[in-house]
Amino acid sequence: MKIKSSLLWLSLLGLGVASCDGSFLDQTATNDLNEAVVFGDSTYASGFLTQIYTDVGFDTDGDRFGGHNTGSSNGGLQVACDEAEFRPSSSITTGMAFATGTVNPVIVTDDVWKTCYRQIRACNTFLSKIDKTPMMESTRKQYIAECHVLRAWYYYMLVRHYGGVPVIGDTLYTADDKVKAERDTYEYCINYIVNEVQTALNMKVLRPRTSGSTNGRVNEAVCLGLLSRVYLDAASPLHNNPEGQWGTPETKDLLGYPTYDKERWLKSLTASRSIMTMTTGDYRIYEVHADKDNGNADELGWGYYAVQIAADFADVTAYGDFKYPYGAYQEIIFQKKEPEGIRVCDLYCPPSCGGDKYGGYIYWDLCEAFPMIDGKAIDDPTGKYYAGYDPRAPKQYRDPRLGNVATFNNQQQMSGGDKTHMVFTYIGDGQTDDAIYSGSPTGLYIKKMVHRNCAGNYFVEPPMSRPLIRFAEILLNYAEAANEYYGPDWSENLGGVEMNPYECLKLIRRRAGIEAGEDGMYGLKANMTQEEMRKAIQLERRLELCFEGFRFFDVRRWMIAEETDNQMMHGLELTLPSGANKANNASYTWRIVDVRKHVFRSSMYFFPIPYNETVKTPDLIQNPYYETVVE
């Protein structure tokens, strides 16, 4: 029987994208051109490959989710986990459904399924036709290597959402073909992804680093970074569980390995180490502690802000004895290239700064997870700044990253060109549209990736390209794999530097602006057990990588989502007494308020395969514990 499915009944890709930063996306689009024309001309063929890049990272966009059967957007993965509250809507969105435990095959977005298979088909088309294109052989080989990695990237996107999926290899289906719908095992999919990346590496045509107009293209480090991430996922408890596979008998092999293998951790460590020891490319943490956009004023942890908007700080190439030839790009391994615009400001800024908040509102729970500036938890009485913690002044004595992640009451933020504008979220006399219950259900706003000199109600459009893989993630991958394989006390010498799980966390915390302390531990406990180190790494990933699309998948691969995503989430309510001075934090009374009880069901470790796909053929097995729901 011939089944028509959006899985693969796809035409040639036709996406024209313009970029305002002189990037490789500024190339000829291949819209409305047939295959013979496209692959008979090197410029068109190059443009065809460029268009395959346009969807890398779309799954972690802050406005990924739309209302069911609507054209609106309403947040991304951040509102589907314990990072942010979704904006209330009359439409059912995937983020809302995951937060409330109501996600099912009918209402879930089908964006990953459709987009990835469309781009995989585009990869297959490119690889089958590029040999006929007149161009330099060295360029052809480079393009072929890039395409193999892009194909691996889209398959990886599918696998981390659904587990094992149908792998179609090089096949290009026609309207008369029977489309493969049987899902391949998780192990087969991982092996396929790895082989695609290794194929590209073995060609030895990819540069260690791309820069300038080629920022965002696949290079050697992108290959190793993807392997580091894929191997880390594959080694994690959800897929590599010594106590047995997760899922039903019918789906176990689709979602994990049939046997446990500790060596999978070593593979991730090895891939991470390969980036850390690259002699050409020079990937490093970007540690700058001065606001280079504001007269070089001292600011601890400014580099953490800068790498989110690297295009604006590519010329900041030095700080003290630190030299960064690539500026803020020093840390960037792979990017999602975007034209300049204010969409990020729209998503996250408070109402008074022109935001529509469709990206969601940060939870107080995440804010509380950031330590004090000595690296100690806010409730640790041994901390140097324990007595200085005050919810009315959340940034005071805190990890400087917090001020780049969240907007609080009585905080300055750009509005309509006014850099001195103050955001007030309190309730009481003179409250504004930014107030809790009016502008935000949590009393807080997301600030990460929002350019300080831009706003939703201002005409200046900042860079919107954002990192997909950066060196901080590689350090965290290395630390996790090393701890799981060797333990917390293992160490090795990399290029004359002792590297181990502790040192990875120290590097990240030092860049954040956290104090080293007399013991030089940046608030970390000495002599941790493996379990204590595991929790320390999990915390650091939660803080360092928040709102970059990691948290949703991390809590699942660690199999802790039933704890993290199955609890009450909170906000901060501030009240200003009548006649009190709103500029004085001490004037306010405060309380922590309930915002939403998140619900996590066991099925939610994976996305359900969209109902429209499974209904077309019984060969496409649904993920476990999702009841078939008919609209």
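**View 1. Asp82 and Arg542, a buried pair.** Both Asp82 and Arg542 are buried (under 20% relative accessible area with a 1.4 Å probe, protein chains only; over 50% is exposed, and in between is partly exposed). They form a salt bridge, with the closest N and O atoms 3.8 Å apart (the rule: a side-chain nitrogen of Lys or Arg within 4 Å of a carboxyl oxygen of Asp or Glu). Asp82 sits in the loop between α2 (42-52) and β1 (84-85) and Arg542 in helix α15 (residues 530-544), so the pair ties together parts 460 residues apart in sequence. This is a predicted model, where local features need pLDDT of at least 70 and side-chain atom pairs count only at pLDDT 80 or more, while totals for chains, interfaces and linings use all residues. Residues are numbered from 1 along each chain as its sequence is written, and side-chain values use heavy atoms, leaving out hydrogens and water.

**View 2. Lys336 meets Glu338.** Here's another salt bridge, at 3.1 Å from N to O. Lys336 is buried, at 4% relative accessible area, whereas Glu338 is partly exposed, at 23%.

**View 3. Ser415 and its neighbours.** Ser415 is buried, with a relative accessible area of 11%. Its side chain reaches the backbone oxygen of Ser352 at 2.5 Å. Leaving aside residues up to four places away in sequence, Ser415 touches Ser352, Cys353, His421, Ala455 and Asn457 (contact means heavy atoms within 4.5 Å).

**View 4. Arg534 and Glu531 on helix α15.** These two lie 3 residues apart, about one turn of the helix, and their side chains meet in a salt bridge of 2.3 Å, N to O.

Methods: A polar contact is a pair of N or O atoms within 3.5 Å; within protein, one must be able to donate a hydrogen and the other to accept it, and residues adjacent in sequence count only if both atoms are side-chain atoms. Helices (H or I, at least four residues) and strands (E, at least two) are DSSP runs, numbered from the N terminus.
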